[in-house]
Amino acid sequence: MQPQPAYLLHKRAYRETSALVDVLTLEHGHIRAVAQGVQRAGSKSRAKLQPFAPLHLTWIGEGDLKRLRMMETTQSAVLLAGEGLLCGLYANELLTRSLPVGLPVGELFAIYAWTLERLTRPAERATALRRLEITLLETLDAEPVFADIDERALDPATRYTYSPSSRRFSPVAADAPGWDGRTLKLLARGDWDAPGLAGLSKALTRAALAPLLGPQPLRSRELMQRLSQRRRGLS
């Protein structure tokens with residue numbers, strides 16, 4: 001096979017000197033593989049197989065678990081630290097947990113690479129993560145449908161809650177928790193990055209992603225919450 005552009009999403013030790021890895025590839029999407037000998041001291045592959053570094057990989061195997069054969073880096077890893085690093089870990093954990101193995105995800109691969117670059121700039125992190133989340137939802141046909149549960153257009157004067165099972169919105173009482181139809185219509189136009197909509201877009205993408213991720217909390221999200229609490233305690 002031709003070497004595939006790829007990024008490492010997750011790596012864990014396997015046996016004495018190998019690792020089990022999850023990688024995101026351009027043409028084959030999410031694959032799982034054994035990287036033999038990569039944990040051995042002095043291994044050249046160990047230095048190459050790092051998060052946030054553009055890679056070229058080849059592998060063999062017919063089942064869901066492949067075996068990596070060639071690993072080459074194409075350029076230096078994106079350097080992330082502090083909050084930016086936690087955002088990068090969140091992106092990797094999100095894709096590892098939600099993407100099925102073997103689904104082609106060319107657009108998502110491009111958005112992931114785009115996101116990594118923007119995670120180096122604090123002002124662009126939230127917008128980049130929302131774009132990654134939305135592209136992931138669209139890839140998996142799990143994005144919100146901006147209609148009510150009876151397939152009617154949203155009413156700007158009505159409040160709604162989101163139902164992940166139907167991917168649609170249910171009307172609620174005017175004083176109940178929820179979102180107004182006028183604001184939801186802005187998101188329906190694709191204005192996820194519009195000023196004043198950051199809180200809504202984050203809450204909505206989180207609700208839409210929940211069924212894909214299952215009940216186990218994301219470790220990266222917990223770490224971000226701890227960092228936020230620590231900062232509030234120091235202020």
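A pocket is taken here as an open set of grid points with protein on both sides within 12 Å along at least five of seven lines. With that idea in hand, the second largest pocket of this predicted model holds about 270 Å³ of space. This pocket is lined by 13 residues, and those closest to its centre are Leu-9, His-10, Leu-89, Asn-92 and Glu-93. Two or more lining residues come from each of strand S1 (4–14), H2 and H7. The largest share belongs to H2, which supplies 5 residues to the lining of the second largest pocket. Sorted by class, the lining of this second largest pocket comprises 5 nonpolar, 4 polar and 4 charged residues.

The largest pocket comes next. Its volume is about 430 Å³, and 18 residues form the lining of this largest pocket. Lying nearest the centre of the largest pocket are Glu-83, Cys-87, Leu-129, Lys-202 and Met-224. Helices dominate the description here: helix H2 (82–98), H4, helix H6 (198–213) and helix H7 (219–234) each contribute at least two residues to the lining of the largest pocket. Among these, H7 gives the most, with 6 residues. The lining of the largest pocket is made up of 7 nonpolar, 3 polar and 8 charged residues.

Helix H4, one of the elements that line the largest pocket, spans residues 125–139 and includes Glu-133. Is this glutamate, Glu-133, buried or exposed? The relative accessibility of Glu-133 is 3%, so Glu-133 counts as buried, the cut-off for that label being under 20%. The side chain of Glu-133 has a partner in a polar contact, namely the side chain of Thr-205, at 2.9 Å. Leaving aside residues up to four places away in sequence, Glu-133 touches Tyr-90, Leu-94, Thr-205 and Leu-209.

S1 runs antiparallel to strand S2 (residues 18–25), and 8 bridges join the two. Within this pairing, Leu-8 stands opposite Val-23 in S2. S1 and S2 form a hairpin with 3 residues between the strands. In the turn of that hairpin, Arg-15 has a positive phi of about 55 degrees. S1 has a further antiparallel partner in strand S4 (residues 55–60), with 3 bridges between them. There, Gln-4 stands opposite Leu-57 in S4.

A separate set of pairings involves S6. Strand S6 (residues 159–163) and strand S7 (residues 168–172) run antiparallel and are joined by 5 bridges. The bridge partner of Thr-161 in S7 is Ser-170. The hairpin of S6 and S7 has 4 residues between the strands, and Arg-167 takes a positive phi near 65 degrees in this hairpin. S6 also pairs with strand S8 (residues 179–180), again in the antiparallel sense, over 2 bridges. In that pairing, Tyr-160 has Trp-179 of S8 as its bridge partner.

Terms used:
Residues are numbered from 1 along each chain as its sequence is written. This is a predicted model: local features need pLDDT of at least 70, side-chain atom pairs count only at pLDDT 80 or more; totals for chains, interfaces and linings use all residues. Side-chain values use heavy atoms; hydrogens and water are left out. Buried means under 20% relative accessible area, exposed over 50%, partly exposed in between (1.4 Å probe, protein chains only). A polar contact is a pair of N or O atoms within 3.5 Å; within protein, one must be able to donate a hydrogen and the other to accept it, and residues adjacent in sequence count only if both atoms are side-chain atoms. Contact means heavy atoms within 4.5 Å. On a 1 Å grid over the protein atoms alone, a cavity is a set of points where a 1.4 Å probe fits but cannot get out, and a pocket is an open set with protein on both sides within 12 Å along at least five of seven lines; lining residues have an atom within 4 Å of a point. Grid points are joined across faces, edges and corners, and a volume is the space filled by probe spheres set on the points. Ala, Val, Leu, Ile, Met, Phe, Trp, Tyr, Cys and Pro count as nonpolar, Asp, Glu, Lys and Arg as charged, and the others, Gly among them, as polar. Two strands pair if DSSP finds at least two bridges between them.
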